[in-house]
Amino acid sequence: MQREYPSAPLLGVSALIWRPQTAQVLLIQRAREPNKGLWALPGGLVEVGETLAAAVVREVFEETGLSVQVGPFVAAFEPILTDEQGRVRYHFVVLDYLAYYQGGEPVAADDAAAIGWFSLDEMAGLPMLADTRQVIAQHSALTAI
């Protein structure tokens, strides 16, 4: 199914990868639409026959070069973007999971233009969706990162 003007919502996953010792979250800057240029949690679409956990591991590796262990479900959000005529241009249902860093050096790849570890204070100045900020803030309030 096509991403732009889909006939049904597309299922995606993303990973909130954090380092408790430095209180930082890994973010990627999106290289393509939708939301090109915005900072986001790494992730992408679930492939047919793939479990949610396997999709998180694969997408994180493809975009960042990192291996992760998938943790608990954190939140869901549903970005719906319309065009000037009010037609749905993009519609995703994204399930966010906590993910634990296992190894590798972060490298921006695939759909990532840039990558970095950011503290909550550093994230405040980054352009990102309100939903992304909310997921990170919600998690940080629960875990005091």
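Visitor: What does the secondary structure of the protein come to?
Guide: In this predicted model, the protein has 3 helices and 8 strands.

Visitor: And how do the elements run from the N terminus on?
Guide: They run β-β-β-β-α-β-β-β-β-α-α.

Visitor: How compact is the protein?
Guide: The radius of gyration is 15 Å, close to the 15 Å that the globule rule gives for 145 residues, so the protein is as compact as a globular protein of that length. Along the principal axes, the C-alpha atoms fill a box of roughly 45 × 35 × 25 Å.

Visitor: How many of the 145 residues count as buried?
Guide: The share that counts as buried is 44%. As for the surface, the accessible area of the protein is about 7500 Å², and 55% of this belongs to carbon and sulfur atoms.

Visitor: What about contacts between residues at least 6 apart in sequence?
Guide: Among those contacts, 68% join residues at least 24 apart.

Visitor: How can one tell where empty space is left?
Guide: A probe the size of a water molecule is rolled over the atoms, and this shows where empty space is left.

Visitor: Which elements each supply at least two residues of the lining?
Guide: Among the strands that do so are S1 (10–19), S2 (24–30), S3 (39–40), S4 (43–45) and S7 (88–103). Helix H1 (52–64) and helix H3 (130–143) also each supply at least two residues of the lining.

Visitor: What is the lining like by class?
Guide: The lining of the largest pocket has 16 nonpolar, 10 charged and 6 polar residues.

Visitor: You named Arg-30. Where is its place?
Guide: Arg-30 belongs to strand S2.

Visitor: Is Arg-30 buried or exposed?
Guide: Arg-30 counts as buried, because its relative accessibility is 16%, and buried means under 20%.

Visitor: Which residues does Arg-30 touch?
Guide: Residues up to four places away in sequence are not counted here. Beyond them, Arg-30 touches Asn-35, Lys-36, Gly-37, Leu-38, Ala-40, Asp-111 and Ala-113. Asp-111 is also among the residues closest to the centre of the largest pocket.

Visitor: Asn-35 is in that list. Where is it found?
Guide: Asn-35 is in the loop between S2 and S3. Asn-35 has a positive phi of about 70°, although it is not a glycine. With a relative accessible area of 17%, Asn-35 is buried.

Visitor: What else is there in the loop between S2 and S3?
Guide: Pro-34 lies in that loop. The peptide bond from Glu-33 to Pro-34 is cis, with omega near 0°.

Visitor: What is phi near in Ala-23?
Guide: Phi of Ala-23 is near 55°, a positive value in a residue other than glycine. Ala-23 is located in the loop between S1 and S2. Its relative accessible area is 26%, so Ala-23 is partly exposed.

Visitor: A change of topic: where is Pro-79 found?
Guide: Pro-79 is in the loop between S5 and strand S6 (80–82). At 13% relative accessibility, Pro-79 counts as buried.

Visitor: Which residues does Pro-79 touch?
Guide: Leaving out residues up to four places away in sequence, Pro-79 touches Tyr-90, His-91, Phe-92 and Val-94. Val-94 is also one of the residues closest to the centre of the largest pocket.

Visitor: And where does Val-70 lie?
Guide: Val-70 is part of strand S5 (residues 67–77). Val-70 counts as partly exposed, because its relative accessibility is 22%. Apart from neighbours within four places in sequence, Val-70 is in contact with Ala-53, Val-56, Val-57, Tyr-97 and Leu-98.

Visitor: Finally, where does Ala-108 lie?
Guide: Ala-108 sits in the loop between S7 and strand S8 (112–119). Ala-108 is partly exposed, with a relative accessible area of 31%. Neighbours within four places in sequence aside, Ala-108 is in contact with Glu-63, Ala-113, Ala-114 and Ile-115. Ala-113 is also touched by Arg-30.

Conventions: Residues numbered from 1 in each chain as written. Predicted model: local features only at pLDDT ≥ 70, side-chain atom pairs only at ≥ 80, totals over all residues. Heavy atoms only, no water. 1 Å grid on protein atoms, 1.4 Å probe; cavity = no way out; pocket = protein on both sides within 12 Å on 5 of 7 lines; lining within 4 Å. Helix = DSSP H or I, 4+ residues; strand = E, 2+ residues; numbered from the N terminus. Nonpolar A, V, L, I, M, F, W, Y, C, P; charged D, E, K, R; others polar. Rg over C-alpha atoms; globule rule 2.2 N^0.38 Å. Buried < 20%, exposed > 50% of the residue type's maximum accessible area, 1.4 Å probe, protein only. Contact = heavy atoms within 4.5 Å. Areas by Shrake-Rupley, 256 points an atom, 1.4 Å probe, with all protein chains shown as cover.
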